[in-house]
Amino acid sequence: MDNLKVSISRQLMRYVLLSWIALIFIFPLIFMIVSSLKPDLQLLRDSSSFRAFLPVGDISFNNYIEAFDRAPIFLFIGNSIFITATTIILSMFACSLAAFSFVFLEWKGKGVILSIILSTLIVPFEAIAIPLLLIVNFLPWVSVDGISIGWLNSYQVQIIPFIADAITIYLFVQYFKDLPKELVEAAHVDGASWFRIYSKIILPLSGPIFATAAILKFLAMYNNQFLWPIMVAQEEQFRPVMVGLLYFFQLNVAWGEVMAYLSIITIPVLAFYISMQKAFVASVANTGIKG
Amino acid sequence: MANVKLTDIYKKYGTTEVVHGVNLSIHSGEFVVFVGPSGCGKSTLLRMVAGLEEITSGTIEIGDEIVNDIVPAERGVAMVFQSYALYPHMTVFENMAFGLKMAKVKKPEIEKRVHEAAEVLQISSYLDRLPKQLSGGQRQRVAIGRAIVRNPKVFLFDEPLSNLDAALRVQTRIEIAKLHSQLSATMIYVTHDQVEAMTLADKIVVLNKGIIEQVGSPIELYNSPKNKFVAEFIGSPKMNIIELEGNDKVSINNLQMPTHTSKIGVRPEHITLADTSSSMLSGTIRHIENLGEHLLCYINTVSTHEITAKIDVKSKVDLNQEVYLKWNPEISHYFNSADQSIK
Amino acid sequence: MGNNKLFKSQQRTGWLMAAPATLLIFFFLVLPFLMAFGFSLTNQRIFSPNPTEFVGLHNFKNMLSVHFLTVEAEKDETGAFKLDNNGNYQFPKTRKFTRNNPDYPHLNKTREWMKFDVGKTKKFYVLARDLIFMKALTITILFVLITAPLQAGIALLLAMLINQPLRGINIYRTIYFMPVVISMVVVSVLWKFIYDGENGLLNALLHFFSVGYFEPVDWLGQTDTALGAIIAMSIWQGVGFHMIIWLAGLQTIPVDHYEVARLEGANKWQTFSYVTWPGLRNTAILVMVIITMQAFTLFPQVAVMTRGGPLDSTQSLVFQMVERGYGKQDIAGGSTISVFLFLFVLSISLFQRYITREKIHG
């Protein structure tokens with residue numbers, strides 16, 4: 001907005017400041033990745049100097065190979081992807097459908113239910129973890145083997161409780177509220193049923209908010225699922241990526257392998273983030289505006 | 001085409017009643033305009049006919065069938081919205097075809113009807129475009145096309161021209177009038193602009209605060225308004241109301257008035273300059289606007305009371321000049337203290 | 001009368017569409033929460049040979065019990081103060097009062113929390129029955145009080161920095177936001193290593209930048225630095241998120257407001273206080289509410305890095321909640337903290353809403 005030319009030295013100073021701050025934000029990551037390539041002894045030695053950031057010395061992928069031996073990493077990653085993806089897809093539909101009915105339909109009880117849902121924003125997950133554990137112990141499940149009781153050590157126990165959440169519903173509600181109501185009325189006059197209006201009119205116009213909600217849900221499911229899986233997924237077969245971390249802290253801690261594991265589970269997310277960073281940033285900005 | 005009948009219509013939002021007992025008969029093929037200031041209930045009435053608003057009490061009949069409990073799509077109505085409400089992610093063709101698709105009309109039939117309607121409105125060349133690629137006027141025509149395609153019994157227009165600029169408004173107004181004569185359709189048109197009402201309507205319904213003030217043809221409403229509200233609403237510039245009672249009363253000469261007259265109404269276009277002997281009313285010119293084809297003079301009669309006079313552009317008048325005015329007594333309007341018209 | 005038939009179909013469809021999400025939230029959020037309320041009024045344990053009893057508000061009373069005690073220096077038979085070999089006054093140990101002392105039944109099983117000297121001859125004690133809970137409460141509150149304004153303030157500064165039309169500014173934005181997409185668990189493990197007293201990277205860097213002046217510190221092992229270390233790390237991870245929210249708010253301020261300020265000759269500070277800050281009011285409220293709520297749920301950092309130590313200097317409410325409920329299988333105890341936390345955060349949210357409400361009603 002300035003027509004004045006900022007002097008070169010002023011600009012330079014700004015870049016210097018920005019860069020220093022950037023270093024603060026990024027140095028642990030560089031350290032992590034670089035360290036994952038070093039053998040433990042060198043790793044520990046290097047971390048008391050600037051060599052911590054440099055891929056010098058005995059560089060190799062040994063730590064990674066060892067890490068794959070220590071823990072079934074592909075299994076964990078596969079689990080995380082499956083759990084995260086399933087939760088996201090089901091969540092998008094359940095929450096947008098509910099939000100649609102809150103915004104566009106008139107029905108008794110709507111206000112009360114929406115208030116209750118929004119009030120769950122204050123409840124941290126840890127507060128309900130234990131009662132939830134008791135509940136899932138008694139829930140039935142149908143599978144190829146018939147009906148069984150109890151959801152422990154399964155995928156559904158890590159997916160179903162997290163499909164509906166207040167934040168996602170709130171985001172959809174705010175977005176739908178901003179859509180022109182006349183579109184829905186015109187569709188009515190055109191004879192579309194409520195489900196048709198949802199699928200053919202509202203959904204196609206909701207790209208941005210789906211991206212936002214999906215990204216936030218992804219971060220929540222992939223990154224933050226830690227306490228719950230520890231509680232409910234004791235069998236290795238069903239464990240997600242964050243719980244896998246525990247495998248690296250039994251007996252002796254091999255920090256090189258730890259760094260390798262951290263890198264393995266973090267780099268894909270970082271890559272995804274960098275390539276879609278516009279969408280990520282827009283997601284957070286959206287929540288700010290809708291709030 | 002069908003007739004429409006509104007009987008004893010009341011509408012309440014919670015505890016607030018916004019429509020208080022409306023009765024109206026619309027004949028098949030008529031172009032009826034609901035007109036009135038903001039909040040008068042005209043849009044609410046239209047939406048009740050459409051089925052977009054619940055009817056608190058009373059009945060609405062379309063084609064002699066009570067439609068209170070029938071969904072909009074099955075009432076045989078089509079609506080053109082103020083903001084056009086075109087589906088932004090669909091092409092013009094898809095927009096126009098949507099209603100037919102919902103009604104499970106077969107594809108060839110849909111093609112035929114959409115192309116026909118597009119011809120009538122001259123939008124055939126835009127069928128593949130998205131609404132955002134069209135101008136306001138073009139979008140409006142698509143919105144109308146969407147309505148035509150459904151062959152409705154009644155067309156409903158909700159202030160369709162308010163989002164257009166002045167020139168486009170005149171042009172589209174003419175097109176809507178042409179459409180009406182082409183299709184001989186029953187049309188209910190809502191606007192707050194009395195010029196649109198006067199030029200388009202077979203019958204005008206003047207609404208104020210939820211009740212009907214008067215129903216009649218444009219000329220009837222112009223010549224014989226039933227009360228002060230209608231008198232002031234129809235005609236631009238507004239009819240002058242001259243108070244004969246109270247603090248702002250003005251003295252009128254040379255005019256025979258019926259008893260109980262409390263106010264006199266005179267249209268600015270009917271006032272002419274007079275000499276002192278034939279003068280009915282005198283005042284001082286406070287402001288003159290020259291519109292090229294005539295002059296608008298704002299004349300102060302007493303204290304803050306002001307009269308507007310539309311006079312010949314060649315008249316020799318100046319600011320702060322004392323003037324004498326007269327008009328044809330035959331076309332005076334007289335109102336009693338209850339603002340009703342008396343003769 | 002009216003179109004009740006049309007309305008009824010909306011009723012059915014409305015319920016149908018909202019049902020999946022509503023039922024899910026009810027069963028997996030509301031129900032367990034109600035159960036937590038219930039458990040907090042009992043002495044439920046996950047596995048217990050005894051049947052569960054209803055104990056009413058007993059758990060809450062225990063947890064929140066705080067007592068005061070003033071103790072005088074010991075006197076001999078003549079009424080003079082006894083002095084020990086070094087000439088100091090002697091004071092009875094608190095456990096004299098807190099262990100089955102029939103004169104002080106209400107102090108039974110309480111533990112010393114804070115101690116103040118009153119002159120030379122008296123000491124004033126604050127005793128708590130559930131000492132660890134009190135520590136968790138105060139530390140959590142401290143965490144919130146420090147983290148919230150600090151994180152919000154730094155985020156605002158960063159947002160203003162990023163809001164410049166410099167070439168490549170988006171690269172910096174991308175970098176500043178990066179820690180947000182990393183799991184707090186990963187961040188905790190990584191920083192645990194960085195904070196290490198012997199091989200830690202942080203010590204090395206500080207040593208370098210202070211030209212050898214700085215001595216290594218065991219950040220997570222000392223009671224006076226552990227919480228600060230966790231605070232710093234939490235801010236590092238979370239500030240990018242709020243920076244973006246501030247940024248969005250900054251960008252909704254109309255450009256012409258700034259132009260008016262420039263025309264009127266406002267300097268940087270004036271522009272900020274008269275144009276920027278008023279325009280950010282709503283954003284500020286949002287940021288503070290989110291940060292505060294998030295800060296109260298301090299957990300993964302503590303669980304991974306310090307487990308509440310050293311010496312309970314990094315206890316947090318949620319950590320205690322999980323420790324008791326899951327670790328010690330004391331469901332009632334864990335639930336009591338849950339309920340308390342919920343009510344506490346609720347009142348703070350309501351309070352925040354109250355003081356930031358629109359004072360002018362259109």
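**Talking through the chains**

A: To start with the domains, the centres of domain 1 of chain A and domain 2 of chain A, taken over C-alpha atoms, are separated by 35 Å. Please keep in mind as we go on that this is a predicted model.

Q: Which residues go into domain 1 and domain 2 of chain A?
A: The domain assignment gives residues 1–68 together with 251–269 to domain 1 of chain A, while domain 2 of chain A covers 71–240.

Q: And at what angle do helix α4 and helix α11 of chain A pack?
A: Helix α4 of chain A, residues 73–104, and helix α11 of chain A, residues 207–224, pack at an angle of about 145°, and their axes are 9 Å apart. The crossing in which α4(A) passes α11(A) is right-handed.

Q: Which residues make the contact?
A: On the α4(A) side they include A:Ile83, A:Thr84 and A:Met92, and on the α11(A) side they include A:Phe210, A:Lys217 and A:Tyr222. Taken by class, the residues of this contact of α4(A) with α11(A) are nine nonpolar, four polar and one charged.

Q: Switching to chain C, in what order do the strands of the open sheet run?
A: The order is β1-β3-β2 in chain C, with three strands forming the open sheet and an antiparallel pairing. The edge strands, each of which pairs on one side only, are β1 (66–72) and β2 (111–118) of chain C. From one strand to the next, the twist averages 20°.

Q: How many bridges are there between β2(C) and β3 of chain C?
A: There are seven bridges, over which β2(C) pairs in the antiparallel sense with strand β3 of chain C, residues 122–128. Within β3(C), the residue that stands opposite C:Val118 is C:Lys122.

Q: How many residues from chain A and chain C take part in the contact?
A: The contact takes 71 residues from chain A and 74 residues from chain C. Among the elements that give two or more residues to the side of chain A that touches chain C are α1 (8–35), α4, α11 and α14 (255–275) of chain A. That side of chain A has 55 nonpolar, eleven polar and five charged residues.

Q: What about chain B, how many helices and strands are there?
A: The secondary structure of chain B comes to eight helices and 19 strands, and its C-alpha atoms fill a box of roughly 80 × 45 × 35 Å along the principal axes. Of the 343 residues of chain B, 38% count as buried.

Definitions and conventions:
Residues numbered from 1 in each chain as written. Chains lettered and ligands numbered in written order. Predicted model: local features only at pLDDT ≥ 70, side-chain atom pairs only at ≥ 80, totals over all residues. Domains from an automatic or database assignment. Helix = DSSP H or I, 4+ residues; strand = E, 2+ residues; numbered from the N terminus. Buried ≥ 20, exposed ≤ 12 C-beta atoms within 10 Å, placed from the backbone. Axes fitted to C-alpha atoms, helices over the stretch in contact; angles between N-to-C directions. Left-handed = near helix turned anticlockwise from the far one by under 90°. Contact = placed C-beta atoms within 7 Å. Nonpolar A, V, L, I, M, F, W, Y, C, P; charged D, E, K, R; others polar. Pairing = 2+ DSSP bridges.
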